[in-house]
Amino acid sequence: MRIAVSVFIIGFLGISLLHPAVIVAQESAADRLSVYLDCDGCDQLHIRTELNFLNYVRDPSQADVHIFITRSNTVLAGGQYELTFIGRGTLDGSELNLVRVLPQDASADQQRQTINDAIRLGLAPFVGHDTVPEILSLTYQQRDDSETDEVLTEDPWKHWVFNLYGGDFELDLESNRTVFDSRWGFYADHRSEQWKARIRPYFNYDLVRIQRDGRPTVRSSISRHGLDSYVIRSLGPHWSVGVFLDYVTRNDRNLKHSLSLVPGVEYSLFPYDVATRRAITFVYQIGMTYTDYFETTIFGELQQWLPRHELDARVAVRRPWGDIFSGLEGSQYLHDPSKQRAEFYTAVSVRLFEGFSLEFQTRFEMIRDQLSLPAGELLLEEILLQQRELATDYTLSASIAFVYTFGSKFANVVNTRF
């Protein structure tokens with residue numbers, strides 16, 4: 001049996017056409033439905049506390065239902081959640097999908113309640129199965145269609161969301177040492193079925209000051225300010241086009257002013273509406289960058305016009321057996337094809353057998369395009385304080401880890417003391 005149902009609820013919880021109320025009528029914990037909750041971004045303690053009519057197990061092979069929850073890459077708070085309920089054991093072959101869409105200003109409590117309500121509703125076909133005892137009943141509150149349509153269509157902000165941030169300030173004081181880091185900026189984001197846009201000015205300032213007895217004080221300040229902006233237009237379930245306008249000034253990268261205008265096109269092998277679970281995309285961009293340097297570069301330049309193109313291929317898979325994120329990116333300056341860069345990265349997490357997961361990450365970058373390197377020798381202080389970019393041919397990082405859990409199969413108990 002395969003259940004293929006998608007329920008879309010847009011906006012606040014009050015807009016929901018189906019609002020389930022659950023009545024627990026189960027006395028024996030041994031007869032409860034066993035579920036495996038697979039959601040890294042959820043408040044699992046809250047779910048287990050509120051939905052205490054279920055048995056929560058620690059491994060998918062021990063469950064009657066595998067609840068797999070993914071969150072789309074939306075801006076700021078809120079976002080879209082896709083819940084997949086996969087039957088196991090005697091329920092093998094049953095599957096149900098629900099989608100919940102929250103407004104961008106949704107609170108954390110609203111997100112938790114949305115997921116809890118969706119889990120209650122999604123489990124209904126499984127607890128109604130003839131091999132599983134009935135443990136709950138559902139009631140539905142039907143909304144007035146005119147009321148729902150009015151809420152869904154009225155939006156005085158026209159799908160724009162604004163966020164001003166400036167709380168990321170850090171100050172460390174010692175008798176001979178001062179460290180100050182700051183981040184502040186502004187987001188203006190627009191999301192609709194056809195358009196995606198962003199305007200984001202940002203400002204970063206870091207200061208390190210070290211006092212030395214009988215010697216001059218060492219002072220290092222790094223500023224990274226700029227603007228990220230783009231407009232992307234959907235051309236259907238597989239294609240989209242966009243234009244990216246970026247500006248940056250960084251004294252640690254010898255960039256006094258760097259302004260780039262880059263159009264691009266993207267092709268998605270799978271339709272965009274399944275991108276939260278699986279995606280293979282190809283992106284090609286070509287454009288122009290104007291750069292004005294603080295100091296003359298090792299190539300004798302104080303300013304340049306730089307034509308550049310880039311090709312990216314990315315894979316993202318999220319399944320009950322694990323996650324795969326991988327990509328290959330390559331770029332090249334058109335005025336000098338020898339100035340190029342290539343990067344490969346991958347992150348894999350796989351459940352190999354009951355209770356055992358293997359995770360590894362790797363990133364390799366071949367670098368042949370450091371056009372902004374200043375001429376002259378670097379001082380030791382500049383290297384240690386990261387005031388200057390170092391010349392390099394490549395960077396490589398890798399990590400591997402495993403997680404093995406054994407013991408009781410149940411994960412019902414919630415204890416928040418201390």
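Buried residues are those under 20% relative accessible area, exposed residues those over 50%, and partly exposed residues those in between (1.4 Å probe, protein chains only). The structure is a predicted model, in which local features need pLDDT of at least 70 and side-chain atom pairs count only at pLDDT 80 or more, while totals for chains, interfaces and linings use all residues. Residues are numbered from 1 along each chain as its sequence is written, and side-chain values use heavy atoms, with hydrogens and water left out.

**View 1. The whole chain.**
The chain contains five helices and 20 strands. Helices (H or I, at least four residues) and strands (E, at least two) are DSSP runs, numbered from the N terminus. Contact here means heavy atoms within 4.5 Å. Of the contacts in the chain between residues at least 6 apart in sequence, 57% join residues at least 24 apart. The accessible surface of the chain is about 23,800 Å², and carbon and sulfur atoms account for 56% of this area. Accessible areas come from the Shrake-Rupley method with a 1.4 Å probe; for residues, only the protein chains shown count as cover.

**View 2. The largest nonpolar core, with 28 residues.**
A nonpolar core is a set of buried Ala, Val, Leu, Ile, Met, Phe, Trp, Tyr and Cys residues joined through side-chain atoms within 4.5 Å. Ile69 and Ile119 have the most contacts inside the largest core. At least two residues of this core come from each of β3 (34-38), β5 (65-71), β6 (79-87), β7 (95-102), α2 (108-122) and α3 (124-127). Helix α2 gives the most, with four residues. Apart from its neighbours within four places in sequence, Ile119 touches Leu37, Ile47, Leu51, Ile67, Ile69, Leu83 and Phe85.

A separate core of seven residues includes Tyr202, Val248, Tyr333 and Leu371. Leu371 sits in the loop between β19 and α5 (380-384). Its relative accessibility is 7%, so Leu371 counts as buried. With neighbours within four places in sequence set aside, Leu371 is in contact with Tyr293, Thr297, Phe299, Gln304, Leu306, Tyr333, His335 and Lys339. The C-alpha atoms of Leu371 and Gly300 are 10.0 Å apart in space, and the two residues are 71 residues apart in sequence.

**View 3. Stacked rings of Phe162 and Phe186.**
The structure holds 16 aromatic pairs. Rings of Phe, Tyr and Trp (its six-membered ring) pair if their centres lie within 6.5 Å; planes under 30 degrees apart count as stacked, over 60 as edge-to-face and the rest as tilted. The pair of Phe162 and Phe186 is stacked because the ring centres are 6.2 Å apart and the planes are at 25°. Phe162 belongs to strand β9 (residues 160-173) and Phe186 to strand β10 (residues 177-191), so the pair ties together parts that are 24 residues apart in sequence. Phe162 is partly exposed at 44% relative accessibility, and Phe186 is partly exposed at 29%.

**View 4. Stacked rings of Phe356 and Phe402.**
The ring centres of Phe356 and Phe402 are 5.7 Å apart and the planes are at 15°, so this pair is stacked. The pair links distant parts of the chain, with Phe356 in strand β19 (residues 356-367) and Phe402 in strand β20, 46 residues apart. Phe356 is buried, with a relative accessible area of 17%, whereas Phe402 is exposed, at 57%.

**View 5. A nonpolar patch on the surface.**
Patches are made of residues with over 30% relative accessible area and no salt bridge: like charges are joined within 9 Å, nonpolar side chains (Val, Leu, Ile, Met, Phe, Trp, Tyr) within 5 Å. A salt bridge is a side-chain nitrogen of Lys or Arg within 4 Å of a carboxyl oxygen of Asp or Glu. The patch is formed by Leu352, Phe353, Phe402, Tyr404 and Phe406, which together have about 620 Å² of accessible area. Strands β18 (340-353) and β20 (394-404) give two or more residues to the patch. Tyr404 lies in strand β20 and is partly exposed, with a relative accessible area of 43%.

**View 6. Positive phi at Lys158 and Asn254.**
Most residues other than glycine have a negative phi. Phi of Lys158 is near 55°, and that of Asn254 is near 60°. Lys158 lies in the loop between α4 (145-153) and β9 and is exposed at 57% relative accessibility. Asn254 lies in the loop between β13 (239-250) and β14 (255-268) and is buried at 4% relative accessibility.
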